[in-house]
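Please open the model in your viewer and have the selection tool ready.

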Amino acid sequence: MARRKLLACSSSSVFTNGLKLEGILNELAPFSYRSSQVWARKVEKLWPEIGGNCRRFNSQVLLHEKALNYNEPETDLYAPVLKDEIAKLRMEFEAAKRSFLNIPEALKSMPKMNPKGIYVNKNLRLDNIQVYGFDYDYTLAHYSDNLQSLIYDLAKEHMVNEFKYPESCLQFKYDPTFPIRGLYYDRIKGCLLKMDFFQSIEPDGCFYGRRQLSREEIKEMYGTRHIGRDQARGLVGLMDLFCFSEACLIATIVQHFVDAKLDFDASYIYNDVNRAIQHVHQSGLVHKRILSNPHRYLMKNGQIFRFLKMLKEKEKKLFLLTNSPYYFVDGGMQFMLQEFGENGDSWRELFDVVIVQANKPNFYTSEHPFRCYDVEKDKLAFSKVDSFHPDQIYYHGCLKYFLQITKWNGPEVIYFGDHLFSDLRWPSKAGWRTAAIIHELENEIQIQNEDSYRFQQAKFHIIQELLGKLHSSLANDAKCEAYDTLLDELNEERRKARYAMKAMFNPFFGATFLTDTGQESAFAYNIHQYADVYTSKPDNFLLYPPEAWLHTPFDIKIMPHHVKVPSSLFKAGQ
């Protein structure tokens, strides 16, 4: 701060007297202004004499330094100060390493976050919510990992059979350890990217095919880790759980083409994989396979029906809005109801409005009319839909007509969904409250609750603090062998802590919500922007009174489910 005061100053009558200026500079002489903290402390003491109003002081300092040959090496003058600063930091580092041998008791006493909790980005009064809307896939219905393999296999077969990709692609196997939600694919350069809250590429989160790029390769390819607006136009977000198979197939094909030394355009691969994935859904291939063996793909959860029935008993309005076809939703809901001991058709009684094949996100911006679906005859009626009835099923439609018919206005409606854009961004723009369903949240919170993770996080923060002190205390022209040795050791200790945290989640990309430095990811940014609340399953709301006021935590950093482990925990026992 003091250094900035002097170097940024512009005018002063105090320095009309050259003797006073000379005296001040001479007092600073043993501590070149480049010697940072030591010089800054001297300046703070002299600042009242200067009066804070100076002209051309910076240039006069430089001229004075030149006159005293300060541009020549000052090893003799500064060496004692340099050694003292490094010695202090070395002692702090050695004390920190001793504290790493045991997890302090304070760490164990830190509060644990609830894996089934509801986490709040924007305050929400549930007593003001009168209408509850739900997506189907990965919201009311949860699937096993087998579904990703099924989608992957069906898509690769379609690419070989219809798009004439090499038959060797049929040998590909889905790798469940590779992708996470929230990645970006660069259609220009062909890379899969994990980005942080500020749209910078994670240093260890850039893959070309299945090969991780080094920092040097990232710099060569992108120039900088930060993605600017122009570069961002070439990125496509992979934001829902169906994107796991898509991300894995893209990376595997890119790697296959690289290994085979085949020329390819990265955008063509994305377009073809995306078209194949869309075909798998829109053709009904995946729906029929799921219903043919629901025990393999669908996960039963009787609690979800307890939640829906509780809402009905509280006289709330309920609607289902999904892109899936009716026969698929009906088959899945009947299967999940079996364990709940209800009649298979009773699920429809829970909803005031059921809308299928809604074509989200176009649903929110189009003016497509609703069509009534005849379940018995399996066809759409031609009569105009100007009212909704609980015993009817509706196809297509749009938000404009939905609001006109129901009169359900913004803040009294909350919509639950898993897709950032189809289920969260557009409904939030329409004024609805939004609840993000993020299945992997439970596992990530459980890991963050572990002492082993919190230990590494606190260790990382200590090293970061020491590195900050090292960089700020010592100027570039005052470095020495002791400095370089300490810097290398700190960087290595930080690298170990970072990799240890990352390995606890996904071995390739780490955590969904966090970067491997413990900061929030780009996916977390989107959840923060578009979700009023988020949780792992809708039925977690059963843990809260239906009239609850959900508040943002008073000590929130960015994401309310994160606990920042302070480095001071380690220092207490030193």
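Before selecting anything, note that a residue is called buried under 20% relative accessible area, exposed over 50%, and partly exposed in between, with a 1.4 Å probe and protein chains only. This is a predicted model, in which local features need pLDDT of at least 70, side-chain atom pairs count only at pLDDT 80 or more, and totals for chains, interfaces and linings use all residues. Residues are numbered from 1 along each chain as its sequence is written, and side-chain values use heavy atoms, leaving out hydrogens and water.

Rings of Phe, Tyr and Trp (its six-membered ring) pair if their centres lie within 6.5 Å, and planes under 30 degrees apart count as stacked, over 60 as edge-to-face and the rest as tilted. The whole structure holds 41 aromatic pairs.

Select Y132 and F307 to begin, an edge-to-face pair with 6.4 Å from centre to centre and 85° between the planes. Y132 is in strand β3 and F307 in helix α14, so this pair ties together parts that are 175 residues apart in sequence; here helices (H or I, at least four residues) and strands (E, at least two) are DSSP runs, numbered from the N terminus. Y132 is buried at 3% relative accessible area, and F307 is buried too, at 1%.

Next, select F197 and Y525, whose ring centres are 5.0 Å apart with planes at 85°, so that this pair is edge-to-face.
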